[in-house]
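Thanks for coming. I will take the ligand site, and then one of the sheets.

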Amino acid sequence: MSGGIAAYRSLDIIRLFREQGAVVTVAATDSALEFVTPLSFQALSGEPIHNSLSNPTTPDGMDHIHLARQADLFVIAPATANLLAKMAAGLADDLVSTLLLAFDGPVLVAPAMNTNMWNHPATRRNVTQLKADGCHFVGPAKGLLACGEEGAGRLAPVDEIVEEARTILTPKSLAGRRLLITAGPTHEALDPVRFIANSSSGKMGWSLCRAARRAGADVVLVHGPVSLPSIPGVESHPVTSAQEMFETTLSLWHQSKDRPGCDGAILTAAVGDYRPVTPQTDKIKKNPDQTEISLTLTTNPDILATLASQGAGKVVVGFAAETGDALNRGVEKMARKGCDLLVINDLLEPGAGFGTDTNRVTLLNRKGEMTPWPLLSKEEVGEQLIQTVATLIQERAK
Ligand code: PMT
């Protein structure tokens, strides 16, 4: 950490990294410690903090060498204009800048400063130099700055910094691959204000998108109406109905003159199986004399079955949302849809299905083999499923 008003947000960064299983060691400049106390850093990181070259904590006094050897990644958040200048020039006049010279792993820089300082030709030069040296950058974001000015200079959102760090550290098993993912519910219109839908939140699909992006894939997301923030670096196609999801997905699946086709697809969307035959153009009026009304529904196209039937050489993965007898129904669904892998989840099981942050799934492959996974966070299911799909895609390519 270097010293800027955004230094207080580094406490959230430490918390988020630790929640995701990282060991965090804090090295802070003197000016960072003007904004946040050593005790706060220590309490949140659970480790002693490091600040001085002349007051080392290791027996041989070479903290900068030991700390540099221990780390998988160096995250500088916030990075001030002064620290960027020192890094670009290779100066080493305090612990943080000395550590940076002694460290030969990946460096992620999250700058935060006044917008004029960010746009200054000297800072521009330093950023260009640091990018040429191989440093990764996240942000700065645009917005209202602490100084009251508007523009680029805000520290990137904390979750974006952590996500970028994870991306840097993830092996690129899907580099050069294009992966299509569907997520969320569909809305099947009854009239201009009402629709038939389900409770899919899109969380499962979002986790898969993040994991696929970390693994180096070009990620194409087709999603129904959800209230989740967009994922940087993911090509998103919002749709409403199953028919729209079908048309959009199919057009992205195959190569066209404007874009390459996809190497694989994972369909987590909870697609409406039926839609009203004739959606009303006016709001359906309530008739006080009528206690029952009937709706006539017709089937929607099956996206998964269509992609699987038009996916020679590609990998197609479906999800099966069941409510009881999940495994037997999954076997029957796999035969009907013709996909390579089916991820079965029972919506009635605690911690599984719609809206939760966790899921309990069983994988069913083409040989009929079932692999139950324990209750995991959707993030972990996404991570592990992407590794499985990467292996399938690599095997297909042989
Ligand atoms: O979004 P969340 O709140 O995180 O919840 C995650 C989830 C429960 C939605 C997800 O884990 C899940 O199970 N997704 C599949 C939901 C579903 O529609 O399942 P299904 O058994 O009805 O369909 C089987 C497969 O066929 C699915 O891959 C589905 O996308 C696909 N399908 C279904 C109907 C249709 N017309 N076209 C399709 O492609």
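Let me begin with the shell around the ligand: its residues divide into 13 nonpolar, nine polar and six charged. Here Ala, Val, Leu, Ile, Met, Phe, Trp, Tyr, Cys and Pro count as nonpolar, Asp, Glu, Lys and Arg as charged, and the others, Gly among them, as polar. This is a predicted model, where local features need pLDDT of at least 70, side-chain atom pairs count only at pLDDT 80 or more, and totals for chains, interfaces and linings use all residues. Residues are numbered from 1 along each chain as its sequence is written, and side-chain values use heavy atoms, with hydrogens and water left out.

Which residues come nearest to the ligand? Of the 28 around it, they are Ser200, Ser201, Ala269, Lys333 and Asn345; a residue is around the ligand if one of its heavy atoms lies within 4 Å of it.

Now the polar contacts, meaning pairs of N or O atoms within 3.5 Å. Ser200 has a polar side-chain atom 2.6 Å from a ligand oxygen. For Lys337, a polar side-chain atom is 3.0 Å from an oxygen atom of the ligand. Pro301 places a backbone N or O atom 3.0 Å from a ligand nitrogen. Alone, the ligand exposes 770 Å², and the protein buries 96% of that, by the Shrake-Rupley method with a 1.4 Å probe.

Strand 14 gives the largest share of the shell, four residues. Strands are DSSP runs of E, at least two residues, numbered from the N terminus.

Lastly, the sheet: three strands, open, in the order 1-2-3, with parallel pairing. Pairing takes at least two DSSP bridges. Leu108 has His136 in strand 3 as its bridge partner.

Notes: Polar contact = N/O pair within 3.5 Å; in protein donor to acceptor, adjacent residues only side chain to side chain.
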